[in-house]
Every structure is written in structure tokens, then in C-alpha cells.
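Dear colleague,

I am passing on a structure that you have not worked with before, together with some notes on what I found in it. Please have it open while you read.

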Amino acid sequence: MMITNMKKKPIELYIHIPFCVKKCDYCDFLSFRALSSVHEAYVQQLIREIRAQSCYCTDCQVVSVFIGGGTPSLLEPSCISRIMETVFSCFQVEPEAEITIEANPGTLLGKKLPVYRQCGINRVSIGLQSADNTELKNLGRIHSFEEFLKSFQSARMAGFTNINIDLMSGIPGQTLESWKNTLKKVTMLKPEHISAYSLIIEEGTPFGERKLKLPDEDTEYRMYENTAGILAEYGFHQYEISNYAKGGRECRHNKGYWQRIDYLGLGLGASSYMEGCRFTNEKDLDKYPALDFGEEDPEKRETALRKLWGQIEELSQAQRMEEFMFLGLRMLKGVSDVDFVRLFGVKMETVYGDVIRRLTANGLLKKEENNLALTEWGMDVSNFVLSEFLLG
């Protein structure tokens, strides 16, 4: 199935840069080291793909762009500039669109940040993870806290007024006090946004194969409990299970995922959700450059895109309802019964009445006017609560 005849509506773009200096010991993302010649060849093919994919989005307006990885800031700044020039020339981009690039400390030196500003990027997301150098070493990170501070200051000096800092709790060797210390050091820098995630041990990663000394469950719970309180003292409000922002600085791109705005993934292994269909780009770096997107040949382009996308999954009504619930409930404001009816033609209570009544009675959900949301306890055990909304 090809994505055609789309109504004019907002979409988000995710652009994947799979390269990194060194793969972190906990990472299971599609990322790896490569020579600079491979970087250049990849960018050339990515630009061809952007042109090809944009042909099916002529009636859409891009509200956010997220350049993720890997470590996008590892590329030469001219590569990022060429990618963004292609996006602006091929897509209708909203004038106030949020355009984010992920960066790791130590890869932002030189003229990169000013070039990012010049090519339309207005938000930087820096992966710090911890302000403790021993904890960073335990994670397999290549930077120190001091290098992060230089990167953060460089971003400010380049004129970035919207900066996110990624943090991680529950990491080897971490204590409640060291986590509090990380939060306090970061808040003193006055970023606009903080993402604070718990470490998840994935199979197939170096962490998945080791016996790690991790904080116990009680300590992890107290870390989460302390996060919202400490960040609130510094003017950050929690708007999603793991995300905190100053007023008006919530991440528009991530909110789009949770609110189920269509998004188009560009690049190796990037995922898309368009018109109720889900598909994932080719993940093999040997096969990706071989796709002939036929710049002037629609038939070649269509053939290449079919190979790029592989199997397209059209979500059933039940699957779309599930996603509406367990994505929307991640946000503190929860999900709207009005939106549920508008999207599915049936009341939320009709489909989920028993589940909602049981979880509400147990203090895990709360109803506020037309919105259903997690309680504070519900957020603490969110994985369990969200799993209750599976219909299968």
C-alpha cells in the first residue's frame, strides 16, 4: 500500500543518524561506528530518500523535526545543513516548527552549533545522563560532566534558548544522594526541559550480559518520587511520566507521538505512523544505499520506497484504541473522552468501562471533567496500568 491522497494535516519528521563515537553499554538503538566516508555516503542517500518520501506528503504541514540517533552531532555540520536544506525545500514546514537535534557532550565543539542555528534548528537535546563522572564511566559514556558543561555553555553562546538535558536514574553505582546531586547541578544551569528516564536493561547489550550492581527497587522508587519534587522547586512542571519542562517548553515532537499525530521516519531503520499504518525503514546499512529512489522516475521511486518500507501494518480499530490509551495516559493531563468519541465513534466507557472502574476504585486512575488520567500512584506503577488497556 502506498501513502497517497493524504488530507492536509500536521505531520512530524524523524530523521535517523545511526553513527556514534562508541556504542554505550546499555544502548539497543540502531547505531554503530563508521568512517567519515560512510557518513557522507549515508547523508547523500538520506537526502535522496527525503526527496522521494516528500512526494507523498505534498498536502501536509511539518510541525516538528527531530534529528536523532546515534549521535547526529558527530556528523560534519555541512551534512546537517544539507539535510535541513532538503527538508525545507521538499516539505511545507510550519514557520514556528520545533526542530531538534540530539547531541552528546564532546561532539559539539567548533562551528557546529552556529551552523545548526543558521540552518533552522532551534532546539538542542544533550545526552548528559549523570553529573557524576564515575556513574558516566559505569554507563560506558565517553564524556565527563565538565565536557557537558562546555557543550551546554557553547549552545547558549550560539543562541539556543530551548535546550533539553537527558538524565538517567537507576544506573550502576548510583545512590539516591548522587541522583539528587545530579538533579540539583542540572537545574542550576536553567535548561528549558529535562527528560529523566530509568535505565532499562535490554537483552543483547553489554549490560544485558553482565551482573550489575544496580540500585534496589526501593531506592529506584524514591529516586522517581524525588525527581518531580526537586524539579518543581526550580520551576519545572511534569507533563509526562519522564518529562519535565519550564512553562511553554514541553517537547512538541514527543507530545505529537503521545497524541498520535502522524509521523514520517527518514533514514536507516526509522519508524513511521501514517494514516493508521505503521512501517519501519530498511535496517541494513548495506541494502539502504543500494535503493534507487529514481529522482526523475516515479516508477523507480515507488519501487524503492516499497523496498524501503517493507511490510506495512494497517492498525485495526482495536489496536488504534489501545495506542490512544497507553500513549495518551503517559501524559499527566491524560486522555479525553471527547477525543475518543471523535476518533472511534464510541464512548471510552463503552470499550473500557470495566477497566476504568476497577483502576479508579484502586486509586490508579482519576477522572477530571472529560479527561481520564493516572494518579500519582498510577504513575509509579504505570507499566501495569497501561498494560490493562490491551484489548487482545
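Two residues are said here to be in contact, or to pack against each other, when they have heavy atoms within 4.5 Å. Helices (H or I, at least four residues) and strands (E, at least two) are DSSP runs, numbered from the N terminus. This is a predicted model, in which local features need pLDDT of at least 70 and side-chain atom pairs count only at pLDDT 80 or more, while totals for chains, interfaces and linings use all residues. Residues are numbered from 1 along each chain as its sequence is written, and side-chain values use heavy atoms, with hydrogens and water left out.

Helix 5 (residues 145-157) has 13 residues and reaches 18 Å from its first C-alpha to its last, close to the 18 Å expected at 1.5 Å a residue, where the expected span is 1.5 Å times one less than the number of residues. Its buried residues are Phe145, Phe148, Ser151, Phe152 and Ala155, buried meaning under 20% relative accessible area, exposed over 50%, and partly exposed in between (1.4 Å probe, protein chains only). Seen down the axis of helix 5, these buried residues fall within an arc of 115°, so they line one face of the helix; the arc is that of the directions from the helix axis to the C-beta atoms. They pack against helix 3 (112-118), strand 4 (123-129), helix 4 (133-139), strand 5 (163-169) and helix 6 (176-187). On the other side of helix 5, Lys150 and Met157 are exposed, and the helix is followed by Gly159, whose phi is positive, near 100°.

Helix 9 (residues 298-309) has twelve residues and reaches 16 Å between its first and last C-alpha atoms, close to the 16 Å expected. In helix 9, Arg301, Ala304, Leu305, Leu308 and Trp309 are buried, and because they fall within an arc of 125° when seen down the axis, they line one face of the helix. Glu299 and Lys307, on the other side of helix 9, are exposed. Helix 1 (36-54) and strand 11 (277-280) are among the elements that cover the buried residues of helix 9.

Finally, Pro77 is found in helix 2 (residues 77-90) and counts as buried, at 15% relative accessibility. Leaving aside residues up to four places away in sequence, Pro77 touches Lys112 and Val115.
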